[in-house]
Amino acid sequence: MGMVLVILSLYFLTALSYTAIPHQTHNTIEERSRSNPQNQREIIDVKRGPEDVLWLVQLSDLHFSVHHPDRARDFKNFVGPSLSMINPSLVLITGDLTDGKSKDLLTMKQDEAEWMEYEEVMEDVIERSGLKKNIFYDVRGNHDNFGVPMLGGSFDFYSRYSINAQLGRSGQVNSVTIENAVRKLLVVGVDSTMSVGLRGPTNLFGHPTDQLLAEIDSELAQWNSESSKPVTTISFGHFPLSFSAAAYSGKTLKDIFLEHSLSAYLCGHLHTSFGKNLKRHHHSSDNSLTSQKFFQLNAHQIFSGGIENCSNGRPAFKEFWEWEMGDWRKNRAMRILAVDRGFLSFVDIDFKLGAKKTIILPTFPLDSRFMLTMSSADQYKCQSVDPSSYAIRALVFSISPIVSVVTRIYDSRPGNLFVVLESPMRKHAGSFSRGDLYIAPWNYKAFEDPSPDRFWLQIEATDIRGSSTLTELRPFSVNGLSAKLPWTWKEFLVMGCQWSSLYYPIFWSFYLVTFSILIIPKIILTSSNKHYNYKNYIANKGFINGVAWVLTELYRVPLLWLGILVYLFYLLLCPWLLGHVFTIGEEMGFMTYKGWVMKFNNIGKLEFIGFPDIMVVVLPHLFFVVLPTILVTWALAVERGMYREHFLSLSGKKEDDPVVQNTESQNRDSCRNGKSKFCLGKRWIRNILLLISLAIFWKHFKNCRALVKAYEINPLLLFPVYSLSMPLLLASAIYLFGKEVRAKSETYSTEEPFLFSN
C-alpha cells in the first residue's frame, strides 16, 4: 500500500509540475542574489462599515495566457463589477498572474504579451470596481518566475507590470494594516519564489531563506507592543506549506507563523483539480511526532491537550489555518474572507455560471470545520467572549436592495435535516457600506452539544425583485468543538505531504531497495553450491527457493544485470541532461538528482539550485521508467526460464542430452491440444510483458519529449544516457529472452554461451 501511495503521489506531482542538494549551497545562492529593500508598510483606515467587521477578497492563479484569451476576458467582465458590489478593504492576488506556457504546455518561459494583458485588465478592473489601486496586492507565483535569469532584469516582467511593482512595493515582504474604530487587521504578503527563475517543470516550490524568514518575523511582530486595539493577523503567499522548502537553518514558514499566533495563511498554487478541501490546520506541540515532519494524515492536526488554564496571563495558543483557494484559470473562483470581532470566516464564489447578484457570508456562528480549534475551545470554556455577542451574523452583498434575510438552523440528529429555528435577521444600524451586516438574536445555549456537526446553519436573502439566494449548509458548534474535515487521497498527497522533506527519503529508499536486490543476492547465490531453476522450485516449493530462482534468472544474463547497475550509478554520479534553463541566452546548465548546476562558487565547488523542485523529473523517472524496466526485465527472464523447462519436458531430455529433431513438432502438437500455456502463440505472460514494455517506452518518450521542449535541447547530444539507456536495456531483454527454444539450435553452451552462463 505504501508503494502504491508513493507511485500515485509521483504521478500527481508530475501532473502538477506541467500545470537533494545541501541546503547550505542552495540558500547561499538565494541570499546573495536576492537583496531586499526596506519592507513596505501601509495603513488603511476604514471609516465606513459595520463596527468590528472587516472583509477582503482573494483571487489566485489567474494564468492569463495568449493561448486562452477567455481567462482575461472573464476576469474583466466579472471581477470588476463584483468588487464594486463587495467593496472590500483589500484585494489579494496570490500568484501565477500569467501562464508562461506554450500552447502544448511543454515550454515554460516568460511572454511579455501576457504581462501587458495583465496590466491592461487590472487597470480596467480597478476602474470598474471604484476601488483605490493601493488596496490591491499581487504576489509573484512560480509561473511568473519561469526562466527569469535575474530579478529586475529585462525578463523579470513582474517587476515592471505588476501592481506591487507599479506602487513601489519591491520587497519580498509587504505588509498592510487595515484599521477601523475597534480592530486592526495585519496582512503580510510573502514572495518566496526561487531567486533564479528556472524554467518549469523544475520550478515548483517556494524557497524561503533565513533572511526572508527574519523579515516575515519582523513584519508579523510590528504591532506586538504598539497597538491599543486587538490585532488579527493573516499572511498570504503563493505556495502552500507542503510545497515550501526549509531554509538553511532548518526553519520554515510554519515555524514563523506559529510564533505569532497567526489566524490564517492564504495561498494558491494547487488549483482545485486535486480537491476542494485543500485546507490544513497547524498547531505547535511539544510531543510532535517525527512523522508529522513528513506528512499529516488529516486536515485537522491531532491535539491531545486540554484547556486547563483560564488566567489572564495564559499564553496564546500557537495554531493557524492554511487555506488554499481555487484557481481562476479553469474554475473562475473568488474568495471573500471576513474578520468579525476577530473570528475568521470565508465563502468561495464560482463565476463559471456567470456573475452573482447576491452574495451571503455568514460570520457567526463559525463553520465548525474551519475554526481555530484550541482558541475556540478556550474562548468557550473560559468565557472570554461576551455572551451577548453570540448572535447569528452575516454579511450580505447585493446589486439590488435586500427586503428580507432569514436564518434557519437544522438539527441532523433525527437522521435527516429538521428545522429547529427560523428567524428573520435585521440590518445592523449604522451600516453604510455596500456590504451590510445582518443580525439575529438567539438562545445560543440551546445549541450546545457534544457533537460539532449536529446543527447546521443556512441563510436566505431575498431582494426587491423577489430573487432568493441561499447559502450552503454549514455545521457549527458554539462549544468550540471542531468537526472533522477528511481529505481524499489526492488532497492528502498534495496538502498533507511535506515534499521537501520526503524527497531524499524516497530517493534513497529507492536506491537502498534496488541495490539490495541487485547486489546482495548476487553475492550470496554466487558463493552458494545450490542450483536454482524453475524445475527445482517445482520439486521443492518454498518462499526462499522461489525468490532465489527468480533472482537467479536475471543473474544468468550478466550483461543486462551489469547494465542496470552501471546506469543506476550513473544517475548518482553524473549529469542527467544539459539544457537552457532561462528565457533567453546561450547559458546552459546541467541537471543532477541534487538540482541544476549553473556555475562554480568562489572555492571551485558546484552550486546547486532547484531543490527539491528537481524531484518532478527525478522521481517519476525512477518509479515510472527505471523501476518498471527492472521488473519487466526480471519477469522476462523468469518467463524464459519457465518456458525453457517446459520445452525440455516436452522433448523428454535433460539439459545436457543430445537434441532430438522432432521436438519442434511435439511442441506444435502440444500447442494445438492446449496442453501448454507457454508455447509460441500462447505465451500470454510474455505478451502481457510486451504490452507493459510498450507502455514504458511511451512513458519514457513522453518524458524525454517534455524535457526537450522545456529546455530546448537535443536528446541524442545533450542527454543520450538518460534518453537511450533504459529503452536499449529493455529492448535487449526482450530480444535475448524472446528467442524460441528450437530443437535444432537450443543448447546452453554453444550459440548462446553468455545467455545462460552463471
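**Exercise 1.** Determine which strands helix α4 lies across and at what angle it runs to β4.

*Solution.* In this predicted model, local features need pLDDT of at least 70, side-chain atom pairs count only at pLDDT 80 or more, and totals for chains, interfaces and linings use all residues. Residues are numbered from 1 along each chain as its sequence is written, and side-chain values use heavy atoms, with hydrogens and water left out.

Step 1. Helices (H or I, at least four residues) and strands (E, at least two) are DSSP runs, numbered from the N terminus. Helix α4 comprises residues 112–129 and lies across β3 and β4.

Step 2. Its direction makes about 155 degrees with β4; angles run from 0 to 180 degrees between N-to-C directions, with axes fitted to C-alpha atoms, for helices over the stretch in contact.

**Exercise 2.** Describe how strands β3 and β4 pair, and where the side chains of β4 point.

*Solution.* Step 1. Strands pair if DSSP finds at least two bridges between them; β3 (residues 91–94) and β4 are parallel, with 4 bridges.

Step 1. Leu92 is placed opposite Tyr137 of β4.

Step 2. From β4 (residues 136–139), Phe136 and Asp138 point one way, Tyr137 and Val139 the other, and all are buried (under 20% relative accessible area, 1.4 Å probe, protein chains only).

Conventions:
Buried means under 20% relative accessible area, exposed over 50%, partly exposed in between (1.4 Å probe, protein chains only). A crossover is right-handed if, with the strands pointing away from the viewer, the path from the first strand over the helix to the second runs clockwise. Contact means heavy atoms within 4.5 Å.
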